[in-house]
Amino acid sequence: PADMDEKRVERVKYMTGEMLKTAAAVGGSLAYLKKEITPPDLKGCNLLFSHIPSAKYTPGEVGAISKYVGGGGALFLVMDQDMWSTLEQTNVNDIIRPFGVQFGDEGPDSLAGGHTKAGIITGKRLKISYHGARTVTGGTPFSFNDRSDAHPFGVFKEVEKGRIVVMGDGMVSLYMTSWEGVQDYQCQEFMQDVFRWLLAR
């Protein structure tokens, strides 16, 4: 927006630049959709990335996204703590609940620092940014706070013909490389691994 302060504009430019690197690494391109999501919009799309929505999706959008994923599309959906967006503000669970995944309350762990478990998504343990998050249930957990694996904040799941990744912390997808004294987060590597898995259908 024209009234966005310079600091936020720089953050958006940085995130876009890093997202372009991620897309290039997986042979893709990046496009933004600035209107209501419709089935024709998703027809030529391999991956829909939604980062911390702050308003409700229309019933038409919920239906379009569900049909897209069920038909073989990929969805990467990110939420965060209530200070960014609440579950009352947005109906993201309406999109993912039919696939057996949903966002829960804020996680009890606030220690800065997170990690992935080596497995299907990331071939090795990656150091990823975390500073408070929303819990996610359903799917296969693969992202955790460094203090405990008891409250995962990232899961993945194959659903019908499609695939989804749901994250309850937005810092890793903001490509935060350091936070509160923790350095060298592997966010770009994480994002490339997530995109590769989502697109490998």
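Two strands count as paired if DSSP finds at least two bridges between them. Helices (H or I, at least four residues) and strands (E, at least two) are DSSP runs, numbered from the N terminus.

A quick note before the exercises: this is a predicted model, where local features need pLDDT of at least 70, side-chain atom pairs count only at pLDDT 80 or more, and totals for chains, interfaces and linings use all residues. Residues are numbered from 1 along each chain as its sequence is written, and side-chain values use heavy atoms, with hydrogens and water left out.

**Exercise 1. Work out the strand order of the open sheet and find its edges.**

Step 1: Walk across the seven strands, and you read β1-β2-β9-β8-β7-β4-β5, with mixed pairing.

Step 2: Look at the ends. β1 (47–51) and β5 (127–128) each have a single partner strand, so one side of each is left without a neighbour in the sheet.

Step 3: Now see what lies on the sheet. Helix α5 (residues 187–199) packs there and touches β1, β2 (74–78), β4, β5, β7 (140–145), β8 (154–159) and β9 (162–167). Contact here means heavy atoms within 4.5 Å. The direction of α5 makes about 155 degrees with that of β9; axes are lines fitted to C-alpha atoms, for helices over the stretch in contact, and angles run from 0 to 180 degrees between N-to-C directions.

**Exercise 2. Count the bridges between β4 and β5, β7 and β8, and β8 and β9.**

Step 1: Take β4 (residues 114–116) and β5: they run antiparallel and share two bridges. His115 sits opposite Lys127 of β5.

Step 2: Move on to β7 and β8, also an antiparallel pair, joined by three bridges. Ser143 has Gly154 in β8 as its bridge partner.

Step 3: Finish with β8 and β9, antiparallel with six bridges.

**Exercise 3. Compare the span of α1 with its expected value, then find what its buried residues pack against.**

Step 1: α1 (residues 6–25) has 20 residues and reaches 29 Å from first C-alpha to last, close to the 28 Å expected. That expected span is 1.5 Å times one less than the number of residues.

Step 2: List the buried residues: Met15, Thr16, Glu18, Met19, Thr22 and Ala23. Buried means under 20% relative accessible area, exposed over 50%, and partly exposed in between (1.4 Å probe, protein chains only).

Step 3: Those buried residues pack against β1 and α5.

Step 4: Check what follows α1: Gly27, with a positive phi near 75 degrees.

**Exercise 4. Describe the surroundings of Ser129.**

Step 1: Follow the side chain of Ser129, which reaches the backbone oxygen of Met171 at 3.4 Å and the backbone nitrogen of Val172 at 3.1 Å.

Step 2: Set aside neighbours within four places in sequence, and the contacts of Ser129 include Phe153, Asp169, Tyr185 and Cys187.

**Exercise 5. Locate Ile52 and Tyr175, and say whether each is buried or exposed.**

Step 1: Ile52, in the loop between β1 and α3 (59–70), has a positive phi of about 50 degrees although it is not a glycine. At 18% relative accessibility, Ile52 counts as buried.

Step 2: Tyr175 lies in the loop between β9 and α5. Tyr175 is not a glycine, yet its phi is positive at about 60 degrees. With a relative accessible area of 1%, Tyr175 is buried.

Note on methods. A polar contact is a pair of N or O atoms within 3.5 Å; within protein, one must be able to donate a hydrogen and the other to accept it, and residues adjacent in sequence count only if both atoms are side-chain atoms.
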